[in-house]
Amino acid sequence: MWLKSLKEINGARHMKRMCAIFFIFVFIVCILSSCGTAATEVKKQIFAMDTQMTLALYGDNASNAAEDAVKSINRANALWSKEIPSSEIYALNNAGAGRKARLSESTYDILQKALQFAEETGGAFDPSIGPVSEAWDIQNKKTVLSDDEIAKLLPLVGYKNIVLEEGCAYFRKNGMKADLGAIGKGYISDIVTDIFKSNNIKTAIFSLGGNVGVMGLKKDGSKYKVGIRDPEGTANDYIGYVTLTDSFIVSSGDYERFFIRDGVRYHHIFDPKTGKPAGTGLREVTVIAGNGAMADAYSTAFFVTGLDRAMEFYDKKGGFEAIFITDDKRIIATGGLRDIFTFTAADRGYKYEN
Ligand code: AMP
Ligand code: MG
């Protein structure tokens, strides 16, 4: 009996040893083959939200991550487009005063954040700019609105008249319209980053119509270099670049959508107080931050407030860095960029002031 049980014990020990060897073997095979999903580099280009988007990511699960990101971008477009009749923003914009539109979680959340940024920036960023942006329709119409036309629209602009409650939104005035054009791509940048992180992607760079996000380090171990566009050049001309990791870099400028009439440039960033394209002496504002929605909203807001008010905001609030390009070719960067911004446009007549 005793002998038998000793045999059994020895047998069990042997089994345990065999199991351990088997598991170590499986573990090594898994490491060598990455369990059948070898690390890959995936690059994707899509057209969504009226703009070109590119994703480049590296990791075991890069294909799945890229697919999920594209699905999320398309879903956001379907929810927030002003033009698609089945979108939630379309439903809200056409509901009429006091009529509640039920929103999905992400639409509620983006509107909530938009209202917060509107409050913080004193209404320079205003998601209720819709009636003005729609009437100007800079991309297609290319006609200058009269002061009378603008005067009729201005009472319809005012983020304080957007009400959010219990999963719904409504406007306090008839004719109000939400426009998420200045925050949508930044907000999706945050979602894309979350998707990449949950897929264990360590290295990625993506651009959602110029809203750039970088994650981790490049494959060679160096930081990403992101070019800052020259507002006077083409999309491939830069005034310099920033060297960074794990950040969002978003620019707003008067060169993106505009037309010129009688020597005046009419562009797509409006001052909610005047209903006209903002004119504060800036050609471009770039914001660098750890949050994409914030970087997007702030870059639009600072274009409207102008340099001095933006710098006051920076001193008071912080949490981001910024580069301003003025219409007299000065480039001003906030303090935190001293070591990571490289200016390269002296030969094109720009002057850099830090
Ligand atoms: P961005 O390129 O991020 O600066 O966003 C510009 C877009 O946001 C425009 O095409 C409009 O749809 C919308 N927009 C324009 N002016 C404002 C503003 N002051 N606040 C919020 N959205 C705006
Ligand atoms: Mg913006």
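**Aromatic pairs and charges over rings**

I counted 16 aromatic pairs in the structure, taking rings of Phe, Tyr and Trp (its six-membered ring) as paired if their centres lie within 6.5 Å, with planes under 30 degrees apart called stacked, over 60 edge-to-face and the rest tilted. This is a predicted model, in which local features need pLDDT of at least 70, side-chain atom pairs count only at pLDDT 80 or more, and totals for chains, interfaces and linings use all residues. Side-chain values use heavy atoms, with hydrogens and water left out, and residues are numbered from 1 along each chain as its sequence is written.

I looked up Y298 and F302, whose ring centres are 5.6 Å apart with planes at 40°, so the pair is tilted. Being four residues apart in helix α8 (residues 292-305), Y298 and F302 are separated by about one helical turn; helices here are DSSP runs of H or I, at least four residues, and strands runs of E, at least two, numbered from the N terminus.

I then followed F302 to F320, where the centres are 5.4 Å apart and the planes at 35°, so this pair is tilted. F302 lies in helix α8 and F320 in the loop between α9 (307-316) and β16 (321-326), so the pair ties together parts 18 residues apart in sequence.

I checked burial (under 20% relative accessible area is buried, over 50% exposed, in between partly exposed; 1.4 Å probe, protein chains only): F302 is buried at 1%, and F320 is buried at 4%.

I also noted that the charged end of R265 sits over the ring of F258, 4.2 Å from its centre, the criterion being NZ of Lys or CZ of Arg within 6 Å of the ring centre and within 35 degrees of the ring normal.

Technical notes: Chains lettered and ligands numbered in written order.
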